Amino acid sequence: MTVLKVSDVKKTYDKKEVLHGVNFSVQEKEVYGLLGPNGAGKSTLLNIIVNLITEHSGDVEIFAKKISRSSLSEIGFVPQDLAIYEDLSTIQNVSFFGSLYGLKGKVLHENCEAALRMVGLWDQRKRKPSAFSGGMKRRLNIACSIVHSPKLIILDEPTVGIDPQSRNYILESIKALNQAGATIIYTSHYMEEVEAICSKVAIIDDGKIVENGLISVIKEKYQKNNCYECILETQAKIEGVFPKELIADISSSDNKYLITFKTDYINIKDVMALVTDKNSIVSIGKYRPNLEDIFLDITGKALRDGDS
Amino acid sequence: MFELVKVSFFLNIREVRNIALMVLLPILLTLILGVSLSSVFNESNSNVLSASRWLYQIEDSASGEKLKEFLETYHTQLNMEVSEQANYDEAISSVSNSGVDGYLIYKNETITIYKNEHSSESTKWLEIVFDNYLDRASIIDGIVDSSQDLELLQFVQDNSMNIGNRIELLQIESTRQPNAIGYYAIAMITLTSCYSIVVMILGLSEERRKNTLKRFLLSGKSFFSFLLSKSISTCILLLAELFVVMIFDTFIYRVDFGDAKCWLTVLAVSVIFAFAVTQFGTLLSLLFKNLMALNIIVNAALLPIVLFFGGAYLHFYKLISMGLQNIMIFSPVYHVNKGLFDAIYLNSYEYIFKFCVLALIVSVLLAEINILLSRWRGNSWAQ
Ligand SMILES: Nc1ncnc2c1ncn2[C@@H]1O[C@H](COP(=O)(O)OP(=O)(O)OP(=O)(O)O)[C@@H](O)[C@H]1O
Ligand SMILES: [Mg+2]
């Protein structure tokens with residue numbers, strides 16, 4: 001079942017088009033990643049999906065219905081910027097936002113507990129978020145968005161700028177939510193995260209989706225026949241294993257080498273035939289690019305500048 | 001909806017700033033200024049202003065007797081020395097020579113006052129008394145004729161009510177004369193209602209700044225229902241605060257707000273006024289997104305000007321120059337004060353009723369504009 005269908009969405013800010021016709025769809029129980037650098041238009045796209053931005057062209061359908069205020073209760077949206085009351089306690093925050101969806105009494109209380117346990121803040125429920133760390137605030141931000149047990153959960157960079165521990169907690173929570181039956185849309189510019197939790201991904205750059213589909217399929221598609229990864233014995237040297245004149249480029253870390261040959265070799269056997277010193281090779285195989293490489297390959301730029 | 005109101009109310013009262021602004025400030029100001037103002041009215045302080053000397057000529061009629069009785073009973077409170085003078089020319093010449101401050105003639109149900117402009121400060125008190133009791137019920141008009149050295153102030157009777165009855169009313173009500181604290185307490189109630197504009201604006205902009213407004217919209221609630229719940233909660237907060245202020249005024253300052261009907265009128269009027277004010281605040285918030293600019297507009301310009309021209313701090317507007325008096329009528333604060341005075345001290349509810357009807361019409365209009373604006377600007381305001 002198609003949970004979300006985005007067709008030809010365009011958005012213009014002050015005469016500048018920031019989304020140039022975006023199309024993609026998300027199926028039930030998928031964890032769908034939206035990967036793109038800063039300013040790619042991820043937040044804009046998500047805000048359009050959840051009806052916060054209403055002036056745009058193109059269509060958004062949720063559960064096969066055009067997005068409207070009444071269908072919003074099916075969605076849990078975690079905004080990129082914190083949206084919590086610092087003056088209210090953790091449980092009051094979650095409970096208030098739950099009550100906006102019409103939950104009351106025992107159901108509300110149970111949902112609050114479930115949401116807070118999910119993000120690991122149940123023990124802190126009496127504390128005010130003003131005393132929380134950045135990571136804890138982000139977790140509360142998530143809890144506030146899932147308290148009404150939505151079928152579709154959309155997270156806009158929930159892990160930006162937080163400690164690794166909180167990040168792992170969040171990633172685990174997302175997996176758990178998915179296992180409990182929710183469909184997830186996850187935005188990030190950290191490709192490791194997307195690779196770790198998403199099955200499908202859309203790579204977005206400069207307001208366009210440049211690639212989308214199953215991660216494994218995309219990786220296979222961008223695999224190159226002249227690029228091999230090879231691990232050698234510690235003492236061995238790559239010059240002694242492959243004839244130098246066949247190699248276009250080598251990069252290495254420790255005894256792991258990434259070799260780009262001048263010509264393509266479809267089959268691993270063809271590469272093995274070139275090897276002069278088979279005993280030095282621990283393992284060899286076609287290089288499987290990660291999403292970062294693929295992004296670089298498609299757009300010619302790095303996903304992140306530095307390690308911000 | 002109820003949930004929204006409840007939480008925004010809850011958020012409002014958690015804001016220390018709001019409580020300080022709306023409860024402590026009026027009480028403190030009433031305390032400081034009320035006490036200092038009341039000294040002006042105390043008999044013990046009558047030496048502060050030298051007693052003014054008045055002559056009067058009052059016709060023999062039932063209402064004339066009442067007026068005479070009034071003058072003779074209350075002249076010390078008014079810091080006046082009064083004596084009868086039937087000779088018109090003599091009286092006028094004493095006034096012209098500044099020996100006497102004023103000459104009051106009551107004939108054919110009309111009060112005419114000739115006053116000496118050099119000593120006008122002290123003569124103004126009598127005018128204020130007449131004005132408070134007579135003009136307030138729109139029975140008479142004040143006409144100033146400065147063609148001569150003498151200022152002629154003539155109070156002309158309205159046909160609708162016999163002036164004798166008015167003076168009788170004056171007698172009855174004089175047991176409950178408004179004192180300085182009373183004036184001040186009412187001004188403070190108006191002021192507190194006025195300040196709900198700040199609570200509204202801060203409430204709205206906080207929700208936007210903290211992104212929590214987004215969550216209202218994400219839950220499928222409309223922007224308008226958000227605005228409405230905010231204004232209702234602001235009014236509920238105001239009502240609670242006014243209650244505290246009035247209890248304080250009644251039991252600590254012993255301000256006489258009259259009977260339960262007056263009491264409820266004060267609360268009801270304040271809330272209607274506040275609702276109009278909060279709608280206005282919403283309009284401003286929608287028009288000016290920048291909180292800094294809004295704060296400057298409201299706190300540094302709008303409120304002081306409206307309050308100042310409304311005479312919020314000083315009910316004795318006759319002491320203010322004519323030019324200011326003409327501007328005053330444009331300030332809603334002036335009308336609330338006047339209406340509340342009529343209700344409390346004259347048992348006359350007509351003025352305040354008219355004001356409430358007008359305020360309701362204005363708030364509905366403002367709310368309409370806000371609906372249109374929030375549709376038009378829509379969710380982009382929340383971003
Ligand atoms: N309110 C706005 N007015 C004008 N331009 C905007 C506005 N919001 C976003 N933009 C522009 O739209 C583009 C996309 O922004 P968006 O926030 O969607 O990017 P993003 O992919 O979410 O980036 P990030 O990873 O930094 O969150 C940017 O070029 C940004 O400058
Ligand atoms: Mg973003």
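What share of the 308 residues in chain A is buried? I looked this up first, in what is a predicted model. Buried residues come to 50% of chain A.

**Entry: overall layout of chain A**

I listed the secondary structure next. Chain A holds 9 helices and 14 strands. I then took the extent of the C-alpha trace. Along the principal axes of chain A it spans about 75 × 45 × 35 Å. I also checked how far along the sequence the contacts reach. Of the contacts in chain A between residues at least 6 apart in sequence, 68% join residues at least 24 apart.

**Entry: strand 8**

I went to strand 8 of chain A, residues 183-188. I found 6 of its 6 residues buried. I sorted them by face. A:Thr183, A:Ile185 and A:Thr187 lie on one side, and A:Ile184, A:Tyr186 and A:Ser188 lie on the other. Both faces of strand 8 are covered.

Which strands pair with strand 8 of chain A? I noted strand 3, residues 31-35, which runs parallel to strand 8 and is joined to it by 5 bridges. A:Leu34 has A:Thr187 as its bridge partner there. I also noted strand 7, residues 152-156, again parallel to strand 8 and joined by 5 bridges. Here A:Ile153 is the bridge partner of A:Ile184.

**Entry: helix 2**

I turned to helix 2 of chain A, residues 90-99. The helix is largely enclosed by the rest of the structure, because 8 of its 10 residues are buried. I wrote down some of the buried ones, including A:Ile91, A:Val94, A:Phe96 and A:Phe97. A:Thr90, A:Asn93, A:Gly98 and A:Ser99 are also on that list.

**Entry: helix 3 against helix 4**

Two packed helices are described by the angle between their axes and the distance between the axes. I looked up both for helix 3 (residues 105-118) and helix 4 (residues 134-146) of chain A. Their axes come within 9 Å and cross at roughly 145°. The crossing is right-handed.

Which residues of helix 3 of chain A meet helix 4 of chain A? I found A:Ala115, A:Leu116 and A:Met118 on the helix 3 side. They meet A:Leu140, A:Ala143 and A:Ile146 of helix 4. I classed the residues of this contact: 6 are nonpolar, none polar and none charged.

**Entry: the four-stranded sheet**

I traced an open sheet of 4 strands in chain A, in the order 12-13-11-14. The pairing is antiparallel. Strand 12 (247-253) and strand 14 (281-286) each have a single partner strand, so one side of each is left without a neighbour in the sheet. Neighbouring strands are turned by 20° against each other on average, direction ignored.

I followed one pairing further. Strand 11, residues 227-232, pairs with strand 14 in the antiparallel sense over 5 bridges. A:Glu229 stands opposite A:Gly285 of strand 14.

**Entry: cysteines**

How many disulfides are there over all chains? I counted 0. I checked A:Cys227 by distance. Its sulfur is 12 Å from the closest cysteine sulfur, in A:Cys230, which is too far for a bond. A:Cys227 has 10% relative accessibility, so it counts as buried. A:Cys198 is at 8%, so it counts as buried too.

**Entry: one residue in chain B**

Last, I looked up B:Ile305, which lies in helix 11 (residues 291-309) of chain B. Its relative accessibility is 46%, so it counts as partly exposed.

Definitions and conventions:
Residues are numbered from 1 along each chain as its sequence is written. Chains are lettered from A and ligands numbered from 1 in the order in which they are written. This is a predicted model: local features need pLDDT of at least 70, side-chain atom pairs count only at pLDDT 80 or more; totals for chains, interfaces and linings use all residues. Side-chain values use heavy atoms; hydrogens and water are left out. Axes are lines fitted to C-alpha atoms, for helices over the stretch in contact, and angles run from 0 to 180 degrees between N-to-C directions. Helices (H or I, at least four residues) and strands (E, at least two) are DSSP runs, numbered from the N terminus. A crossing is left-handed if the near helix is turned anticlockwise from the far one by less than a right angle, and right-handed if clockwise. Contact means heavy atoms within 4.5 Å. Ala, Val, Leu, Ile, Met, Phe, Trp, Tyr, Cys and Pro count as nonpolar, Asp, Glu, Lys and Arg as charged, and the others, Gly among them, as polar. Two strands pair if DSSP finds at least two bridges between them. A disulfide is a pair of cysteine sulfur atoms within 2.5 Å. Buried means under 20% relative accessible area, exposed over 50%, partly exposed in between (1.4 Å probe, protein chains only).
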